[in-house]
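Thanks for coming, everyone. Please have a look at the sequence and the fold on the screen.

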Amino acid sequence: MMSQEKNNELSLVKASDPAGKLLRQYWMPAALSEELDSDRPVVPVNLLGEELALFRNEDDKLVLMDRHCPHRGADMCFGRKEEGGIRCPFHGWKFDAQGQCVDQPAEPEGSKMHEKIRINSYPLHEVNGIIFAFLGTGEPPAFPDFDCFKAPDTHVFAFKGLWECNWLQALEVGIDPAHASFLHRFLLDEDPEDSYGKQFRDTAADTNIPMTQVLREFDRPEIIVKDTDYGMRIIALRDLQNGTSHVRLTNQVFPCAITIPMSNEMTITQWHVPIDDENCYWFSMFTSFGNPVDKDTMRAQRLQEHTLPDYAPIRNKRNHYGYNQKEQETLTWTGMGMDINVHDQWACESMGNIQDRTNEHLGTTDKAIIQHRRKLRKAMKIISDGGDLSELPLQLSAAQARDIKGPIAIDAIAPTQDWESVWQTSDQQRRAACDWDAEL
């Protein structure tokens, strides 16, 4: 259990809040690239409690600025794109790509007032289908040489989804290896040949054992957490009672992302990004070490569960997540369908918009959650004390960023006494066979 004050420090994301100050010092996914392919030329973005407007100008430059005009607050998402900038329809004030006001057509001829008017604009970085924004102070950190950034566009698929809950509880479900044996328990095993694009439907490592069977039958994992230069490596060991163990490597990428195995071919890197204190988006990059990603299939699968343009889940609290008692008795542990994102969504949203951790009782399987909260508090204190930001995880120079690779996310079956060397060998073999430069 923790105090309400500590809970607020970890959860709330306004610019004046400790967590908000911390998250602003990192690149945050702001939108999918595909969102700018719609009929709407200026796209609304809600990020860290800020209301923003995103567009791509005539020079193909991405621009992100405050959504409300500094004149009288009109909505710039209805602005007119002009000559690299945007003009407010209300009185015609025009702003360039850096947010500087360059024209006030209703003001007297020769007026210099525009020179003193700016609208906040923010640095952007687009990679493999996601547009990242930096809302912090000073120079943004360099991007690490992670697989999801390093792989070619052909081998990465990006998507997002809305959850109606605080970002931290959304993240914490992803660093909790034990829950997969229960929340994502399937009472029947599907054919792994029909597993493309679906998590936990492949076979375990190079065996013919379905992952769903491993999770269901071996539900008491040993969990090992190790600090890394990018955050934490989380290892879940499931003793298969035959001299071998299932080894699953997942990762917490500081401050709000995870990298996990999706199948023997793909990994998922997923950010849990605050819209505001009580809502968040998950943004995922699915990275293939094998064939190019079948993006049409991956997108169609996810659009069966989400509506556009808000990427809201069709199964949600208003329709009880599609709960079906008969399904719960015969097919899935939750009775909420076959998409594990819905299971996670229910677990996180059912805690409340912001989880009340004053009545929480953590167990031994929560060791990664405990360690991550300590890392968050340590980082927040460095910021509040005006300390050196380079002491924070992943606050990198360009030279440092080139050495931060991976992170490794893989399933393996290994002799119980030699599990550590086996997953390393399995990962090396997968990378050596990869069509793109996946070398660590």
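First, a rule: rings of Phe, Tyr and Trp, the last by its six-membered ring, pair if their centres lie within 6.5 Å. Keep in mind that this is a predicted model. By that rule we get 17 aromatic pairs. Ring pairs link Trp27, Phe132, Phe134, Phe143, Phe146, Phe149, Tyr230 and Trp271 into a cluster.

Take one pair. Phe132 and Phe143 sit edge-to-face, 5.2 Å centre to centre, with 85° between the planes. Phe132 lies in strand E10 and Phe143 in the loop between E10 and strand E11, so the pair ties together parts 11 residues apart in sequence. Both Phe132 and Phe143 are buried.

Now Phe159 and Trp282. This pair is tilted: 6.3 Å between centres, 45° between planes. Phe159 is in strand E12, Trp282 in strand E18, and 123 residues separate them. Are they buried or exposed? Phe159 is buried at 0% relative accessibility, and Trp282 is buried at 1%.

On to the cores. The largest nonpolar core has 92 residues; Leu22, Leu47, Phe132, Phe149, Trp167, Trp271 and Met285 touch the most other members. Helix H9 gives the largest share, seven residues. A second, separate core has 16 residues, including Val42 and Phe95.

Last, the helices. The axes of H1 and H9 come within 10 Å and cross at roughly 80°. That makes H1 roughly perpendicular to H9. Lys6, Glu9 and Leu10 of H1 meet Arg373, Leu376, Arg377 and Met380 of H9. By type, that is three nonpolar, no polar and four charged.

Definitions and conventions
Residues are numbered from 1 along each chain as its sequence is written. This is a predicted model: local features need pLDDT of at least 70, side-chain atom pairs count only at pLDDT 80 or more; totals for chains, interfaces and linings use all residues. Side-chain values use heavy atoms; hydrogens and water are left out. Axes are lines fitted to C-alpha atoms, for helices over the stretch in contact, and angles run from 0 to 180 degrees between N-to-C directions. Helices (H or I, at least four residues) and strands (E, at least two) are DSSP runs, numbered from the N terminus. Angles under 35 degrees count as roughly parallel, over 145 as roughly antiparallel, 65 to 115 as roughly perpendicular and the rest as oblique. Contact means heavy atoms within 4.5 Å. Ala, Val, Leu, Ile, Met, Phe, Trp, Tyr, Cys and Pro count as nonpolar, Asp, Glu, Lys and Arg as charged, and the others, Gly among them, as polar. A nonpolar core is a set of buried Ala, Val, Leu, Ile, Met, Phe, Trp, Tyr and Cys residues joined through side-chain atoms within 4.5 Å. Buried means under 20% relative accessible area, exposed over 50%, partly exposed in between (1.4 Å probe, protein chains only). Rings of Phe, Tyr and Trp (its six-membered ring) pair if their centres lie within 6.5 Å; planes under 30 degrees apart count as stacked, over 60 as edge-to-face and the rest as tilted.
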